[in-house]
Amino acid sequence: MLPSLKDPTVCMRAWSARVWWSRAERLAGFERLRGRGWHSLRRKFASDLMDQPLKVLCELGGWKTAKTVLQCYQRPDEGQLRKALEARRRSVG
């Protein structure tokens with residue numbers, strides 16, 4: 001997702017992203033909150049791209065297994081669930 005500073009052909013290490021995130025929070029004057037950080041960005045990324053093929057999402061997000069995405073990162077919201085139900089009703093009815 002984010003290229004490494006030393007080698008742009010590989011992804012940035014998580015600890016580098018945490019340092020950047022902490023700096024950005026401090027510079028923006030945000031209070032440090034538990035649950036807001038690197039993983040929340042990855043969850044948002046995975047959820048926003050939920051309509052993409054899982055293999056494509058894993059490649060874009062740097063996940064090695066689809067299981068990780070499905071168990072830890074994708075979080076459907078109410079709008080996505082309603083859209084899926086409506087699509088099912090149209091196809092059945």
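Is C58 buried or exposed? C58 is buried, at 9% relative accessibility. Buried means under 20% relative accessible area, exposed means over 50%, and partly exposed is in between, with a 1.4 Å probe and protein chains only.

A word on the model first. This is a predicted model, where local features need pLDDT of at least 70 and side-chain atom pairs count only at pLDDT 80 or more, while totals for chains, interfaces and linings use all residues. Residues are numbered from 1 along each chain as its sequence is written, and side-chain values use heavy atoms, with hydrogens and water left out.

Now the overall layout. The protein has five helices and zero strands. Along the sequence the pattern reads α-α-α-α-α. Helices (H or I, at least four residues) and strands (E, at least two) are DSSP runs, numbered from the N terminus.

How does the radius of gyration of the protein compare with that of a compact globule, and what are the two values? The protein has 17 Å, but a compact globule of 93 residues would be near 12 Å. That radius is taken over C-alpha atoms, and the globule rule is 2.2 Å times the number of residues to the power 0.38. The C-alpha atoms fill a box of roughly 55 × 35 × 20 Å along the principal axes. Buried residues make up 18% of the 93 residues. Next, contacts, meaning heavy atoms within 4.5 Å. Take those with a separation of 6 or more: residues 24 or more positions apart account for 29% of them.

Back to C58 and the cysteines. The whole structure has zero disulfides. A disulfide is a pair of cysteine sulfur atoms within 2.5 Å. C58 is in no disulfide either, as the nearest cysteine sulfur, in C72, is 12 Å away. C11 itself is partly exposed, at 46% relative accessible area.

Which residues make up the largest nonpolar core? There are six: A46, L57, C58, W63, V69 and Y73. Two helices, α3 (54-61) and α4 (66-73), each supply at least two residues of this core. A nonpolar core is a set of buried Ala, Val, Leu, Ile, Met, Phe, Trp, Tyr and Cys residues joined through side-chain atoms within 4.5 Å.

Two of those core residues, W63 and Y73, bring us to the rings. The search finds two aromatic pairs. Rings of Phe, Tyr and Trp (its six-membered ring) pair if their centres lie within 6.5 Å; planes under 30 degrees apart count as stacked, over 60 as edge-to-face and the rest as tilted.

Take F45 and W63. Their ring centres are 6.3 Å apart and their planes are at 35 degrees, so the pair is tilted. F45 sits in helix α2 (residues 38-48) and W63 in the loop between α3 and α4, so the pair ties together parts 18 residues apart in sequence. F45 is partly exposed, at 21% relative accessible area. W63 is buried, at 8%.

Now W63 and Y73. Here the centres are 5.1 Å apart and the planes are at 50 degrees, so this pair is tilted. The pair links distant parts of the chain, with W63 in the loop between α3 and α4 and Y73 in helix α4, ten residues apart. Y73 is buried, at 9% relative accessibility. Put together, F45, W63 and Y73 form one aromatic cluster.

What lies over the face of Y73? R42 does, at 5.3 Å from the ring centre. A charge sits over a ring if NZ of Lys or CZ of Arg is within 6 Å of the ring centre and within 35 degrees of the ring normal. Leaving aside neighbours within four places in sequence, Y73 contacts H39, R42, R43, A46, S47, W63 and T68.

L2 lies in the segment before α1. L2 is partly exposed, at 33% relative accessible area. Not counting residues up to four places away in sequence, L2 touches V10, C11, M12 and W38. A14 is in helix α1 (residues 14-28).

For contrast, look at E78 in helix α5 (residues 78-92). E78 is exposed, at 52% relative accessible area. E78 and R13 are 65 residues apart in sequence and 33 Å apart in space, C-alpha to C-alpha.
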